[in-house]
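Keep the viewer open while reading. The paragraphs below move from one element to the next.

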Amino acid sequence: MKQYYFVPWLVSLLLMLAVGLFYGLLYPYHLHYYEQMQMFQFSSQYFWETVLLPGGLSDYLGRFLTQFFHITWAGALVMAVLYGMVYLSSWIALHDGLTGQNRLFWSFLLLLSIRFLWINGCDENAMPALWIAFIASLMMVFTLKKICNNTLRRLVSLVALVVLYAAVGPLSFVMIALMALHELRQNDGLRWAWAIGFVIAALVLPQVAHQLFNWPLENLYKGIHYFRFTQIQLPYIWVAACIIVVIDLLAHIAECYLNGKEVVNGYVLGFGTLALMALLIVQGVRRHYHPNNEVMMMYDDMVLNERWDDILAAASRRTPKHPACVQCINLAMAMKGRMGDLLFHCPQTDSGALLPEFSINFSRPLTAGQIYLNIGWTNTAQRFVYEAQESIPDYEKSARCYKLLAQTHLARGERELAKKYLRKLQKTLFYDDWANEAMALANNPDPKALSQHPFYGQLMRGAVKDDYFFSPDMMAMLGNYCTTTPHNHVATQYLLALALVERDLETFVACFNLDQYLNGSERIPEYYQQALALEWTRKHQTLDGIPYKLDERVLANMEQFVDDYNNQMPPQQLERKYFMTYWYYYMSGEKKEKE
Amino acid sequence: MKTIHYLYYYSVAALLLSGCGFEQVSNPTMVYDMPVIYPDYRGVTIPVNIAPLNFTMQSDSVLLIDAVFTGTTSGELHAQGGESTNIDPTKWRKLLAANQGGSLFVQVAAKFPDGWRSYTPFGIEVSFDSIDYGITYRLIEPGYEAYTKMGIYETSLSDSHERALIENTQFRGCVNCHSYKQGDPRYLSLHIRGDHGATLISHPGEGGTMKAFNTKTEETLGFCVYPYWHPSGRYIAYSTNNTRQGFHVGGKKIIEVMDLASDMQVYDIDRNKLLVCEALKGDSAFETFPAFSADGKTLFFSVARPKNYPTEMKEMYYSLCSIAFDAETGTYGTQIDTLVNGDALCKSAVYARPSYDGRFLCYTVADYGYFHIWHPESDLYLLDLKTGESRPMTEANSPDAESVHSWSSNSRWLVFGSRRDDGLYTRPYFCHIAEDGKVGKAFMLPQRNPRQFYEGRFMSYNIPEFVTAPVPLDNKLAERQIVSDERVPMGVERNR
């Protein structure tokens with residue numbers, strides 16, 4: 001059988017293409033999410049803070065690469081190259097042992113470890129540092145095997161273990177395990193002693209590190225930077241690592257046993273394995289891929305970039321049910337002044353979908369912070385952002401958080417604090433332009449520079465004037481705010497929406513008078529009309545004499561709904577006919593409460 | 001422009017490294033004003049054993065700083081640096097030693113793109129009183145319910161070297177209230193919150209290994225919170241607080257920390273019992289921040305009448321009170337004295353910290369509430385325990401918040417947290433307090449490159465406390481104790 005060295009290269013190219021398409025087409029917002037939850041800085045302080053931990057260098061390189069996830073296809077390319085390199089480096093590390101007639105079979109079998117790495121990569125908390133750690137460890141094996149002198153190689157292997165552990169963390173154990181197997185293949189009386197010595201060294205190393213670093217022993221054995229949650233880790237990383245080691249072991253045993261004989265036709269076995277691996281990868285990725293998370297991240301990203309029309313368009317194509325998505329859609333409606341027309345096109349479960357309360361989480365408070373910022377509650381927005389920043393489980397800083405903190409501090413007139421955050425953003429690749437502009441604003445001694453700025457000026461003018469505490473009674477807080485800032489159209493829409501969602505029609509009618517529709521000069525939005533008609537009917541039993549200028553169609557539909565409801569139309573039929581009306585929302589909730 | 005700055009810094013650094021000495025201050029323009037420097041060390045009083053007071057110029061366009069420190073008694077020190085002065089620590093120590101009780105005059109010149117400018121010199125007083133070995137503090141980022149990496153750290157004041165004593169990466173939790181007996185680091189009380197909640201107490205006495213306690217009992221309000229050691233080392237006074245947070249939707253303040261209930265109790269280490277005083281227990285008053293007097297015969301604390309939250313939050317005035325304590329019997333006195341009446345002043349006085357020579361008591365005053373570090377109006381006050389007179393420490397105060405202070409073991413220095421730097425991040429400041437109560441201008445904890453250091457530090461120094469020596473905390477043992485579920489329960493003894 002020919003050597004066919006080009007085949008693994010070809011396979012890795014195909015793998016890169018598949019991974020690139022996966023991230024570019026199916027996981028683009030996962031890439032943005034990664035990027036938003038970190039802040040790579042070009043500074044020596046950042047470098048030393050990051051690398052001075054076991055695995056710190058791979059973490060640093062991972063963060064460096066993650067910043068490019070800001071651009072979807074750049075991120076997809078980075079991930080594609082990482083996967084391709086893991087496969088290639090595993091083949092390069094093992095290829096001297098993958099001899100004989102079944103070389104192709106073993107080479108393709110290595111894709112099994114890629115399957116588990118990809119499954120791991122489907123989780124948004126799997127950090128790029130782990131791919132780098134794999135590549136570094138496997139390339140180290142390749143390098144060490146080049147040393148022919150046994151004693152020298154063994155000594156260098158031990159030094160490499162320490163260096164690699166410091167640089168990439170415990171995935172360096174893959175290197176030492178492969179080197180132990182390599183030593184066992186040598187015709188040397190000391191081979192077992194060295195192999196066992198390697199294993200003992202690997203086991204002792206985290207114990208030594210534990211004396212030097214303030215991290216639990218468990219983390220020093222399983223890695224600090226491979227998963228965003230330092231206490232949790234998916235098992236797939238170690239399954240992938242074990243597969244590489246086991247393949248190396250089995251390939252050697254098999255070749256010793258078969259002694260160069262071909263059991264099955266090498267091409268059939270090889271390409272059959274390749275097809276099987278491809279199937280297993282597709283099956284594994286399909287099973288562990290999180291489309292719902294991608295949708296949530298998409299909505300959040302669109303809020304961040306103020307793509308209000310895109311949000312409404314996406315929601316009209318397929319309405320998501322998750323409250324996190326509904327929060328984004330509600331904000332987009334308010335920003336486009338369409339809440340009164342579109343509110344119940346989305347499933348409004350409770351007031352939390354409008355004005356969320358704080359929960360300890362590192363992404364949801366960020367969306368909530370954007371909502372409060374757009375309403376004009378700078379203090380609350382800032383609090384949520386600080387909490388989100390604090391909740392990032394790997395202690396990393398978020399460029400998105402720093403940007404929002406700089407904005408909210410500027411809006412509060414706290415220039416020194418804003419500058420503190422801006423200085424950090426100036427050291428980033430993708431936020432420095434924005435930070436430079438904001439810094440110029442912060443350094444401008446003219447108070448008008450801020451107060452007349454379209455963004456900060458609006459926030460400053462809309463600042464909450466009364467001093468009261470945040471409370472679960474959102475209606476009271478928002479009502480108070482709208483009274484003092486009646487021209488804040490976003491806040492007014494939220495107040496009316498809140499009253500509708502809470503089925504508090506009396507408050508709705510009271511608040512409605514605040515709004516611009518009472519004089520009848522402007523068309524009253526659909527859901528406001530429905531609510532006004534409902535409230536009038538509830539109080540007067542008839543629509544006669546209603547003082548608002550409502551569409552004939554709404555009045556007719558209202559009468560029809562009342563008839564259908566009173567005639568006890570079957571619930572499913574009623575739902576089908578009136579699902580998107582406020583009347584149905586109101587009555588179905590009231591019914592549930594009675595039950 | 002920045003590139004030019006960097007090039008300049010590097011060429012200056014290269015020049016210095018090559019041993020060619022300092023750049024000559026040539027043809028300077030005279031500025032008849034003192035330089036605006038960061039940190040502001042102009043006119044401060046410093047101890048003889050403090051680390052070099054390196055500083056930067058406030059202006060970003062400065063290319064090189066030149067400073068000449070001249071002692072009134074003897075000696076001179078020349079320092080130069082690009083972003084910050086680079087004072088030789090050995091020469092600095094010699095200069096201070098030679099001028100103890102005297103002054104230094106600092107002549108500053110700064111090189112701008114258009115040439116050198118020379119400023120009016122300013123003075124620094126070098127006190128006879130030395131300062132303790134270091135300070136320990138919690139470093140924490142701004143957050144209210146969530147928390148990221150934090151820990152208790154120690155900085156040596158003679159060289160500004162910082163080391164971590166314990167960090168929450170070790171056990172995922174929150175480390176907070178830490179206290180030593182009059183700066184003696186062998187006596188430690190450290191509170192841990194979260195899943196591994198515990199109070200670690202270590203002391204050198206009999207059976208004095210570190211133990212993790214469960215301080216919550218059925219007969220008391222909750223966990224022990226704010227600690228203070230008795231001078232004998234046998235007792236620790238704790239408050240126990242049922243705490244809530246409130247968040248301002250509008251206005252300059254962000255957060256209020258308030259108690260729904262709070263009591264005070266003294267832990268007897270020898271008998272492993274919480275000594276509860278009936279007069280200090282109950283719902284009619286909220287007691288907090290206990291502190292023993294220097295002789296251990298008096299227990300100071302703050303107390304307020306309960307109010308309705310949040311409507312009456314701004315009428316929550318804490319008064320400074322005291323009650324006698326008998327260390328022999330572990331009993332409380334029967335009479336509560338009021339030292340500062342918060343209700344009468346319509347102000348809130350908290351965080352009593354008596355000096356260890358028994359002469360003064362330092363506390364903070366703000367408009368209301370007890371968590372004054374979040375109150376920009378919070379100021380330090382000094383009560384003369386001999387005369388009973390109280391006054392604001394104007395020399396140390398700033399328009400922003402000052403709080404969480406601690407005395408040095410010789411009672412001549414006070415360390416406190418101040419937010420004057422940017423309004424949010426608490427930094428440690430030190431001020432000298434002479435025997436007659438004269439307060440020196442406060443100075444910030446020195447750093448080798450203060451601007452780079454403090455600009456890059458996004459954490460607050462929480463509760464800085466003096467220590468007379470490095471803290472002998474075995475943090476691996478502490479980690480094991482925190483992570484294990486074993487907790488020593490505390491008994492309770494009622495004291496009428």
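The expected span of a helix is 1.5 Å times one less than its number of residues. Apply that to helix H15 of chain A, residues 291–304. This helix has 14 residues, and 20 Å is expected. From its first C-alpha to its last, H15(A) reaches 20 Å, close to that expectation. Note that this is a predicted model.

Which residues of H15(A) are buried? They are A:Met296, A:Met297, A:Met298, A:Tyr299, A:Asp300, A:Asp301, A:Met302 and A:Val303. The cover over these buried residues includes four helices of chain A: H2 (28–36), H16 (308–317), H17 (323–335) and H19 (364–375). Just after H15(A) comes A:Glu306, with a positive phi of about 55°.

How far can chain A be trusted? Its mean pLDDT is 92. Of its residues, 96% reach 70 or more. Confidence in chain A is highest in helix H4 (residues 56–66), at 98. It is lowest in helix H32 (residues 582–594) of chain A, at a mean of 77.

Stay in chain A and find A:Pro128. It is found in the loop between helix H7 (111–121) and helix H8 (129–145) of chain A. Buried or exposed: how does A:Pro128 count? A residue is buried if 20 or more other C-beta atoms lie within 10 Å of its own. A:Pro128 has 25 such atoms, so it is buried. Leaving aside neighbours within four places in sequence, A:Pro128 is in contact with A:Gly62, A:Leu65, A:Thr66 and A:Leu82. A:Leu61 is 67 residues away from A:Pro128 along the chain. The C-alpha atoms of these two residues are separated by 8.5 Å.

Next is helix H22 of chain A, residues 415–425. It is mostly covered, with nine of its 11 residues buried. The buried set is A:Arg415, A:Leu417, A:Ala418, A:Lys419, A:Lys420, A:Tyr421, A:Leu422, A:Lys424 and A:Leu425. What do these buried residues pack against? Two partners belong to chain A, helix H21 (399–411) and helix H23 (432–443). Another is H4 of chain B.

That leads across to the other chain. At the interface, 28 residues of chain B are in contact with 31 residues of chain A. On the side of chain B that touches chain A, strand S12 (162–167), strand S18 (235–247) and helix H4 (450–456) of chain B each supply at least two residues. By class, that side has 10 nonpolar, 11 polar and seven charged residues.

Now take chain B as a whole. It has five helices and 35 strands. A compact globule of 496 residues would have a radius of gyration near 23 Å; chain B has 24 Å, which agrees. Along its principal axes, the C-alpha trace of chain B spans about 75 × 50 × 45 Å. Of the 496 residues of chain B, 48% count as buried. Take contacts in chain B between residues at least 6 apart in sequence: 59% join residues at least 24 apart.

The contact takes 20 residues from domain 1 of chain B and 17 residues from domain 2 of chain B. The domain 1 side that touches domain 2 has 12 nonpolar, six polar and two charged residues.

Finally, look at some backbone details of chain B. A cis peptide bond joins B:Tyr38 and B:Pro39, with omega about -10°. B:Pro39 has its place in the loop between strand S2 (37–38) and strand S3 (45–46) of chain B. A cis peptide bond also joins B:Tyr309 and B:Pro310, where omega is about -5°. B:Pro310 is in the loop between strand S22 (298–304) and strand S23 (319–326) of chain B.

Positive phi values are worth checking too. B:Asn272 is not a glycine, yet has a positive phi of about 50°. B:Asn272 is found in the loop between strand S19 (255–268) and strand S20 (273–277) of chain B. With 13 other C-beta atoms within 10 Å, B:Asn272 is partly exposed. B:Val404 is not a glycine either, and its positive phi is about 40°. B:Val404 is found in strand S29 (residues 402–407) of chain B. It has 25 C-beta neighbours inside 10 Å, so B:Val404 counts as buried.

Key. Residues numbered from 1 in each chain as written. Chains lettered and ligands numbered in written order. Predicted model: local features only at pLDDT ≥ 70, side-chain atom pairs only at ≥ 80, totals over all residues. Contact = placed C-beta atoms within 7 Å. Nonpolar A, V, L, I, M, F, W, Y, C, P; charged D, E, K, R; others polar. Rg over C-alpha atoms; globule rule 2.2 N^0.38 Å. Buried ≥ 20, exposed ≤ 12 C-beta atoms within 10 Å, placed from the backbone. pLDDT = per-residue confidence, 0-100.
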